[in-house]
Amino acid sequence: MRSRLLVITFIITLFSTLGHLAVAQKTVVKGVVLDKATQTTLPFATLFFLGTKTGATSDLDGKFLFDTYYSSDTLVCTMVVYMPLKKKIQQGKSQELVFEL
């Protein structure tokens, strides 16, 4: 009886864990940050997923890459002297964005 209870507990634990793993999907977002007027790249712009602690900065060429399980449906780009810009993304998918500040 006790071994049967252990087996049932193990099976329930296994399926509940697999269910959580199936829900988590990786979001990949890559792109570039540009000045809207001059179309030049903007290095060191700050990008982050709204409502999360996931963020990064664009590199010297204005490019950025997110490869994360911890995203939201909105990516925000900010930089000093520019107005912040928000873009909707699709969670759990790969996509490319161009931010024109």
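**Salt bridges and the nonpolar core**

Reader: Is Lys88 buried or exposed?

Author: Lys88 is exposed, with a relative accessible area of 63%; exposed means over 50%, buried under 20%, and partly exposed in between (1.4 Å probe, protein chains only). The model is predicted, so local features need pLDDT of at least 70 and side-chain atom pairs pLDDT 80 or more, whereas totals for chains, interfaces and linings use all residues. Residues are numbered from 1 along each chain as its sequence is written, and side-chain values use heavy atoms, without hydrogens or water.

Reader: With which residue does Lys88 form a salt bridge?

Author: A salt bridge places a side-chain nitrogen of Lys or Arg within 4 Å of a carboxyl oxygen of Asp or Glu. Lys88 pairs with Asp73, the closest N and O atoms being 3.5 Å apart. Lys88 lies in strand β6 (residues 85-88) and Asp73 in the loop between β4 and β5, 15 residues apart; helices (H or I, at least four residues) and strands (E, at least two) are DSSP runs, numbered from the N terminus. Asp73 is partly exposed, at 36%.

Reader: How many salt bridges does a search of the whole structure find?

Author: The search finds three. One of them joins Glu96 and Lys30 (4.0 Å, N to O), linking strands β7 and β1 across 66 residues of sequence. Glu96 is exposed at 61% relative accessibility, whereas Lys30 is partly exposed at 41%.

Reader: Which residues have the most contacts inside the largest nonpolar core?

Author: Such a core joins buried Ala, Val, Leu, Ile, Met, Phe, Trp, Tyr and Cys residues through side-chain atoms within 4.5 Å. The largest has 14 residues, and those with the most contacts inside it are Val29, Val33, Leu47, Phe64, Leu75 and Phe99.
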